[in-house]
Amino acid sequence: MRITISGKQMELTDAIKDAVEEKLERLDYYLHPETEVKVTVSAKKARQKVEVTVIPISGPIIRAEDTEESLYAAMDVVYDKLNTQLRKYKKRVQDRHQSNESIRFSHIEDLTEEDLQNENENSIDISIDRRKKFSIKPMSPEEAVLQMDLLGHDFYMFTNAQTDDISIVYKRKNGGYGIIEQE
């Protein structure tokens, strides 16, 4: 595993780098040796933040972050989150491979023109506070749901490998999943 550690608003000491590397090397069991791991450590006042993004050769990107008073406590929490996510992903892959089942998408909601018009009327003062850019990998909707769950997000944008169209999967309030596809 290739670990890249960077610091924001703080000086990274050898002790911090060694502690981060030592903690993350425990995840070797789940990861390919060529997996890229990006770690960002930052400090604001008395709060220490650790962000870790695991970018595997194949499979979903896995991310965890935590903010604590102690940098080492934050790293412990992030390690636990990553360990849980990786175990969960490995088990899902094994279960799906063994049982030949996949995640099903049902009850997809369609927005009407009237819904969109009402939404536009209610949201006159729109302010975009943050912009993110990321590469979109071709994958199946089932893989996109898995990626979304591993990242802990409520939705996930991806390129559908079968249609080459951009689609979005999302969590529904009733506990299911939905997909938005372009016509």
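User: What is the relative accessible area of Arg-2?
Analyst: This is a predicted model, in which local features need pLDDT of at least 70 and side-chain atom pairs count only at pLDDT 80 or more, whereas totals for chains, interfaces and linings use all residues. Residues are numbered from 1 along each chain as its sequence is written, and side-chain values use heavy atoms, with hydrogens and water left out. Buried means under 20% relative accessible area, exposed over 50% and partly exposed in between, with a 1.4 Å probe and protein chains only. On that scale Arg-2 is partly exposed, and its relative accessible area is 45%.

User: With which residue does Arg-2 form a salt bridge?
Analyst: A salt bridge is a side-chain nitrogen of Lys or Arg within 4 Å of a carboxyl oxygen of Asp or Glu. The closest N and O atoms of the pair that Arg-2 forms with Glu-34 are 3.7 Å apart. Distant parts of the chain are linked in this way, since Arg-2 belongs to strand S1 (residues 2–8) and its partner, 32 residues away in the loop between H1 and S2, is Glu-34.

User: How many helices and strands are in the chain?
Analyst: Helices (H or I, at least four residues) and strands (E, at least two) are DSSP runs, numbered from the N terminus. Read from the N terminus on, the elements run β-α-β-β-β-α-α-β-α-β-β-β. The chain therefore holds, by these DSSP runs, 4 helices and 8 strands.

User: How far apart in sequence are the parts that Glu-65 and Lys-49 tie together?
Analyst: The side chains of Glu-65 and Lys-49 meet in a salt bridge with an N to O distance of 3.5 Å. Since Glu-65 lies in strand S4 and Lys-49 in strand S3, the parts tied together by this pair are separated in sequence by 16 residues.

User: Is Asp-149 buried or exposed?
Analyst: Asp-149 and Lys-171 meet through their side chains in a salt bridge of 3.7 Å, N to O. This pair links distant parts of the chain, with Lys-171 in strand S7 and Asp-149 in helix H4, 22 residues apart. Lys-171 is partly exposed at 37%, whereas Asp-149, at 11% relative accessibility, counts as buried.

User: Which residues do salt bridges that share partners join into one network?
Analyst: The structure holds 9 salt bridges. Those that share partners join one network, and its members are Arg-2, Glu-34, Glu-36 and Lys-38.

User: How many of the 11 residues of H4 are buried?
Analyst: Buried residues make up 31% of the 183 residues in the chain. In H4 they include Pro-141, Val-145, Met-148 and Leu-151. This helix is largely enclosed by the rest of the structure, because the number of its 11 residues that are buried is 10.

User: Which residues form a negative surface patch?
Analyst: Patches are made of residues with over 30% relative accessible area and no salt bridge, with like charges joined within 9 Å and nonpolar side chains (Val, Leu, Ile, Met, Phe, Trp, Tyr) within 5 Å. Asp and Glu count as negative and Lys and Arg as positive, while His and the chain ends are not counted. One member, Asp-18, is found in helix H1 (residues 14–24) and is partly exposed at 47%. The negative patch is formed by Asp-14, Asp-18, Glu-22, Glu-25 and Asp-28.

User: What is the phi of Gln-9?
Analyst: Most residues other than glycine have a negative phi. Gln-9 is placed in the loop between S1 and H1, where it is exposed with a relative accessible area of 62%. Its phi is positive although the residue is not glycine, with a value near 60°.

Key:
Areas by Shrake-Rupley, 256 points an atom, 1.4 Å probe, with all protein chains shown as cover. Charge placed at Lys NZ, Arg CZ, Asp CG, Glu CD.
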